[in-house]
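Here are a few notes to read with the model open beside you. Take them one at a time and find each spot as you go.

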Amino acid sequence: MYLNKAVNEWVEEMARLTKPDNIVWIDGSEHERERLTKEAVASGELIELNQKELPGCYYHRSEQNDVARVERLTFICSSNKEDAGPTNNWMSPQDAYQKLGALFDGSMTGRAMYVIPYLMGPASSPFSKVGVEITDSIYVVLNMRIMTRMGKIAADYLGDSPSFVKGLHSKLDLNPNRRYICHFPEDNAIWSIGSGYGGNVLLGKKCFSLRIGSSIGRSEGWLAEHMLILGVESPDGQIDYVAAAFPSACGKTNLAMMIPPEYARKQGYKVWTVGDDIAWMRIGDDGRLWAVNPEAGFFGVAPGTSAKSNPNALLTTKKNAIFTNVALTPELTVWWEGMGIDPPREATDWKGDPWTSQSPEKAAHPNSRFTAPASQCPCISPEWENPRGVPISAILFGGRRSKTAPLVYQSFDWQHGVFVGATMGSETTAAATGQVGVTRRDPMAMLPFCGYDMGDYFAHWLNMGKKIPHPPKIFNVNWFRTDDDGNFIWPGYGENFRVVKWILDRCKGAVGSNDTAIGLMPKPEDIDLTGIENAVSFDAMRELLSVDNDLWAAEIADQTEFFKKFDRLPDEIRNQQSALKRRLGL
Ligand code: OXD
Ligand code: MN
């Protein structure tokens, strides 16, 4: 027995079901990494990259039908259908265990079963939680090694406790017709079968830290959120922390690792990254909200990551990284669209086919990824593994809105802020859907990740607000407002620092605001434009901070349509909407 009785019994039960040839207990050692990497290279599961250019880096290509999370095949398996809510797929636990049990039966015959104990959260934090993932994929083991604190460290944390999240994964035959990702919040269990794609199979990430995590957080009185965490250091050395939720393709990783503009760097401002995707937040002894990043690595989208858009992310991937579905050059280095360097003349594309710079097809899949240790990030916060977490001054919600939402506004209070988060939406891009400008509602960026009814989730947020003596202030931001020709008005990227600076000044009471119907907004002169005066005129600033009543009337109609789904929408959310209507004179 390697871990404890409860783990051992469960592993034996899962082995009886999946019938592997052998069981390998993962300890997280360097020796083990070397052995498994060699095995994966020998089987072709990994390709060793150019070790001079990219030391410790490997390349993986997934099945072409298996390159993204599959929401359609992702289920919340609560006893009552209503507890999964109207925005999740639901299967009864009995049906799910039976259906997937039949698929798992003998799925590991001819393969090894790896048992991975892992810890979500810093090693000595009382807030961390243990999971054990059983998998038949070495790729999963090696990625979990980067994304979590894995092996002995987790076993030591667990000790004799029977309290761990049980994750079972098998690639089976990677057939999309036999692919399911099922969550059992009442059993703290996850069963994932038929996929090899990160978001479906690195069970510590979306499955545990968000879906199961949100459900545990609700019952234990804390928040598991799809949020980055960053710290802004002022010239006097004080660091203030911000957590921010944006749907995918809205630049979460870029904001988490942003480099302040030159004027601010000269004054001594710095930005520190605590996390780029997930925040677990609890009320601290001092009455503030404290956040930890439960992950240990970044699972970032490669295309668009360049020395210009996000130099810190690019530098993070220069060693000990695993690249999935990017392009492979003849020199055994990697390339992707938007990397900011000329394409190689020839390469092998993500499908494994020959590719040239003249090819009309993309060389890297748009959702190709890098997995890299957070500790390698040049701007990783010295506090990122602090067992207490970091105190959050501001929470940001945001999305991609070409009109309607201004650059930034502050909610009047926590309850109003919850309404702002609950009505979050983001416009789809042509690349993703073929339909431009359709607003997809994605409350708190949690639509695909909330493990229970979202009406109950809003109620949990409202409740938390009543319990936090010194709650963070809540803001909405929108970097994506366009002019009549469709050009972005705000330059974005590192310039977003200017907006974050206003937000933190608001938190400190150091700057005033304009009271508007939708919230508290900066006066145009309150956003520091030093160095970009020519790019962003005063008129542009006014436009970015304008509120159009007709657009807001349409916005409210769309919110109302979305709310119709919910049987359990808290009255307070409805009341917030009525108050907004009144303020707008609608
Ligand atoms: C992610 C996602 O991979 O949100 O982080 O899909
Ligand atoms: Mn994410």
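1. A term to start with: a cavity is a set of grid points where a 1.4 Å probe fits but cannot get out, and its volume is the space filled by probe spheres set on those points. Keep in mind that you're looking at a predicted model.

2. The largest cavity holds about 130 Å³ of space.

3. Who sits around that largest cavity? Its lining is made of 17 residues, and Arg401, Ala405, Tyr409, Thr423 and Asn476 are the ones nearest its centre. Sorted by class, the lining has six nonpolar, eight polar and three charged residues. Strand S29 (473-477) and helix H17 each put in at least two residues, with H17 giving the most, at three.

4. H17 covers residues 549-563 and packs with helix H18, residues 571-584, at an angle of about 165°, their axes being 11 Å apart. Angles over 145 degrees count as roughly antiparallel, so H17 and H18 are roughly antiparallel to each other. The crossing of H17 past H18 is left-handed.

5. Zoom in on that contact. From H17 come Asn549, Trp552, Ile556, Gln559, Thr560 and Phe563, and they meet Ile573, Gln577, Leu580, Lys581 and Leu584 of H18. Six nonpolar, four polar and one charged residues make up this contact of H17 with H18.

6. Helix H12 (residues 414-422) packs with helix H14 (residues 454-467) at about 155°, and their axes lie 9 Å apart. That angle makes H12 roughly antiparallel to H14. Is the crossing of H12 past H14 left-handed or right-handed? It's right-handed.

7. On the H12 side, Trp414, Gln415, Val418 and Ala422 do the touching; on the H14 side, they meet Phe458, Trp461, Leu462, Met464, Gly465 and Lys466. By class, that's seven nonpolar, two polar and one charged residues in the contact of H12 with H14.

8. Last stop: the second largest pocket, with a volume of about 380 Å³. It is lined by 22 residues, and Arg33, Arg145, Ile146, Asn320 and Pro373 are the closest to its centre. Helix H2 (30-43), helix H5 (138-147) and strand S8 (149-150) each supply at least two residues of this lining. The lining of the second largest pocket splits into 11 nonpolar, six polar and five charged residues.

Note on methods: Residues numbered from 1 in each chain as written. Chains lettered and ligands numbered in written order. Predicted model: local features only at pLDDT ≥ 70, side-chain atom pairs only at ≥ 80, totals over all residues. Heavy atoms only, no water. Axes fitted to C-alpha atoms, helices over the stretch in contact; angles between N-to-C directions. Helix = DSSP H or I, 4+ residues; strand = E, 2+ residues; numbered from the N terminus. Parallel < 35°, antiparallel > 145°, perpendicular 65-115°, else oblique. Left-handed = near helix turned anticlockwise from the far one by under 90°. Contact = heavy atoms within 4.5 Å. Nonpolar A, V, L, I, M, F, W, Y, C, P; charged D, E, K, R; others polar. 1 Å grid on protein atoms, 1.4 Å probe; cavity = no way out; pocket = protein on both sides within 12 Å on 5 of 7 lines; lining within 4 Å.
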